[in-house]
Amino acid sequence: MPAGFPDFRLGTVLATSFTGTLSERQGDAVERIPTPRRLIDWLAVYGLAVDSCTSAQLDLAKELRESIHAVATAAALQDALPASALQIINDLSAQGRASAVLTPGGERRWQLSPTSPVEDALGVIAADAISVVAGERDGKLALCASPTCRAAFFDTSRSRTRRWCDMNTCGNRQKKARFQANRRRTPGSAE
């Protein structure tokens, strides 16, 4: 990854990982795809390699990201899904022309069209969001318990009680804060 940009927060669910390209939404937001090049890098990590990306395509990607976040948040809270966000997700899913292909090793890969590969990649992400929100996978949408994050994530834990989008960031930060607060309250714990 190029220096100067925050690392990607990678997950196993394409759509919710994509929403994670903007983190700390309720605090000091961290934009992880601030340039077209960074979107290209992120797409490549998920097997959606494209050669180029325009500023307009980056704007479209961010619009999709925010739409998925809005719909996933509503679904996690069991609220009505926002119509404008649904329209963006549905439109991009319908416009995508990517094809799933099977490799000789038995893995699924995405084949993007040569004429609109970024839009095709966004269509794959939109279709993944539809699959997640529609309940077609074993798991449930949840929101990170961190008050500064509130990222939507897909909980596949056995009990479906996971609290953090990422234990290595939000979970550890919250546990550390709780530990330090307890140390301050306990007399004689100062060194």
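**Figure 1. Surroundings of Phe-18 in the predicted model.** Neighbours within four places in sequence aside, Phe-18 is in contact (heavy atoms within 4.5 Å) with Ile-33, Leu-39, Trp-42, Ala-61, Leu-64, Arg-65, Ile-68, Leu-122 and Ile-125. This is a predicted model, in which local features need pLDDT of at least 70 and side-chain atom pairs count only at pLDDT 80 or more, while totals for chains, interfaces and linings use all residues. Residues are numbered from 1 along each chain as its sequence is written, and side-chain values use heavy atoms, with hydrogens and water left out.

**Figure 2. The largest nonpolar core.** A nonpolar core is a set of buried Ala, Val, Leu, Ile, Met, Phe, Trp, Tyr and Cys residues joined through side-chain atoms within 4.5 Å; buried means under 20% relative accessible area, with a 1.4 Å probe and protein chains only. Among the 29 residues of the largest such core, Phe-18, Trp-42, Leu-64 and Ile-125 touch the most other members. Two or more residues each are given by helices H1 (14-19), H2 (36-45), H3 (55-76), H4 (83-95) and H5, helices being DSSP runs of H or I with at least four residues, numbered from the N terminus. H5 supplies the largest share, seven residues. A second, separate core of eight residues includes Cys-144, Cys-149, Ala-151 and Cys-170.

**Figure 3. The aromatic cluster of Phe-18, Trp-42 and Tyr-46.** Two aromatic pairs are present in the structure. Rings of Phe, Tyr and Trp (its six-membered ring) pair if their centres lie within 6.5 Å; planes under 30 degrees apart count as stacked, over 60 as edge-to-face and the rest as tilted. The ring centres of Phe-18 and Trp-42 are 5.0 Å apart and the planes lie at 55 degrees, so this pair is tilted. Phe-18 in helix H1 and Trp-42 in helix H2 are 24 residues apart, and their pair links distant parts of the chain. For Trp-42 and Tyr-46, the centres are 4.5 Å apart and the planes at 35 degrees, so this pair is also tilted. Trp-42 and Tyr-46 are buried, and Phe-18 is buried as well.

**Figure 4. Arg-65 in helix H3.** Arg-65 is buried, with a relative accessible area of 3%. Its side chain joins that of Glu-31 through a polar contact of 2.8 Å (a pair of N or O atoms within 3.5 Å, one able to donate a hydrogen and the other to accept it; residues adjacent in sequence count only if both atoms are side-chain atoms).

**Figure 5. Helix H5, residues 117-133.** Twelve of the 17 residues of H5 are buried, including Leu-122 and Ile-125. H5 is followed by Gly-135, whose phi is positive, near 80 degrees.

Terms used. The expected span of a helix is 1.5 Å times one less than its number of residues. Buried means under 20% relative accessible area, exposed over 50%, partly exposed in between (1.4 Å probe, protein chains only).
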